[in-house]
Amino acid sequence: MKLFFKIIIIYLFFFKNLLGVEFIGKFEQGSFILGKTKPDTKIKVDDKNVRITKEGYFAFGFGRDRKNNVVIKINENGKIKIIEKKILKRDYKIQRIDGLPKKLVTPPPEVYKRIKKDNILIGNARSIDSPYDYFKNKFILPVDKYLITGVYGSQRILNGKPRRPHYGIDFHAPEGTPVKAMMDAEITLAENDMYFTGGTIIFDHGHGISTLYMHMKDVSVKVGQKVKRGDIVGTLGKSGRATGPHLDIRLNWFDVKLDPAGVLKLK
Ligand SMILES: [Zn+2]
C-alpha cells in the first residue's frame, strides 16, 4: 500500500510538472472540472478551445451520459501535450412523479410556440462565453433551510410515462422563502413566467459556466444586473411545471448539463 501511494505521489509530481496543468474535480459523468495552468497556455477540451483567465483558470464538464474519454490538448508555447482520461460511470435513480396536471406532462399544441421561444431564450443565455472568473470560487447554497427532493441524473416517470432525466437539484422549502445567488454573476435571463420553468433566472459565472433557477414565485433581478454571492434574487415558488413549492437549480457548461452537487459539496 505504501508503495502504491509513493507511485501515485511520484506520478502526480511528474504529471503536474510535465504537463503544467492541474484539475480539481472528479472525472466522472456530470462533473464540473476546474483547471489551472500557466496563463499563456492554450487548452482544447474535446477539440473545443476553452477560455483561460489571466491567472490560468479554466472550466469544463461532462454530461450525464458521457461515455467516451475526454481529450485535453495543451499547447505551451508550441509544445503540444495531450491528456486522455476515462470518465467514470454513475448509477442514477428512478423517480416516479404522479398527479401532475396532464397539460404539464404532455403540453397542448397551442403552447408549442411559447415553449420554443422559452428554449431559445434559455439556449442563448447558456451559450454566452464571458471572461468573468467567478466560476473558480466557492459556491454557496441558495436557501438556508431545505429538504432535497430531487437529484441530478434521475430518470423521471411522470404520471406513468418515462420522460427526460432530471438535471437539477430540488430544494423543497415553504413558498416565499428568500433565494440567494450561489456565486457572483451577471444575470443573463430573468423571466417571470416560462411554460415549464415558471419564474426563471440564469446567472453567468464566466467561461460558459452558468446556473439556472426555476419555479420561482418572484424574480427580483433584471438582465444585465450584477449580483454577488449571497444576494437575494427572489423567492421560492411553484411556478411552471411543479407539483409543489421548490427551487430547482441547474449547473451548465454551455449546453452541457452538469451536476450542481459537486460545486455545492452535497456529494
Ligand atoms: Zn426539479
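Start by selecting Phe23, Phe27, Phe58, Phe60, Phe62, Trp253 and Phe254: together they make one aromatic cluster. Rings of Phe, Tyr and Trp (its six-membered ring) pair when their centres lie within 6.5 Å; planes under 30 degrees apart are stacked, over 60 edge-to-face, and the rest tilted. By that rule there are 15 aromatic pairs. One of them is Phe23 with Phe27, edge-to-face at 5.4 Å centre to centre and 80° between the planes. Phe23 is buried at 18% relative accessible area, and Phe27 counts as buried at 10%. (Buried is under 20% relative accessible area, exposed over 50%, partly exposed in between, with a 1.4 Å probe and protein chains only.)

A quick word on what you're looking at. This is a predicted model, where local features need pLDDT of at least 70 and side-chain atom pairs pLDDT 80 or more, while totals for chains, interfaces and linings use all residues. Numbering runs from 1 along each chain as its sequence is written, and side-chain values use heavy atoms, with hydrogens and water left out.

Next, click the zinc ion. Which protein donors does the zinc ion have? They are His166 (NE2), Asp170 (OD), Asp170 (OD) and Asp248 (OD), lying 2.1 to 2.8 Å from it. Donors here are N, O and S atoms within 2.8 Å of the metal (3.2 Å for Na, K and Ca), and since water is not among the atoms, sites may look incomplete. Along the chain, the donors are spaced H-x3-D-x77-D. Both His166 and Asp170 are buried.

Last stop: show Arg64, which lies over the face of Tyr92, 4.4 Å from the ring centre. Then find Lys36 over the face of Tyr57, at 5.3 Å from the ring centre. (The cut-off is NZ of Lys or CZ of Arg within 6 Å of the ring centre and within 35 degrees of the ring normal.)
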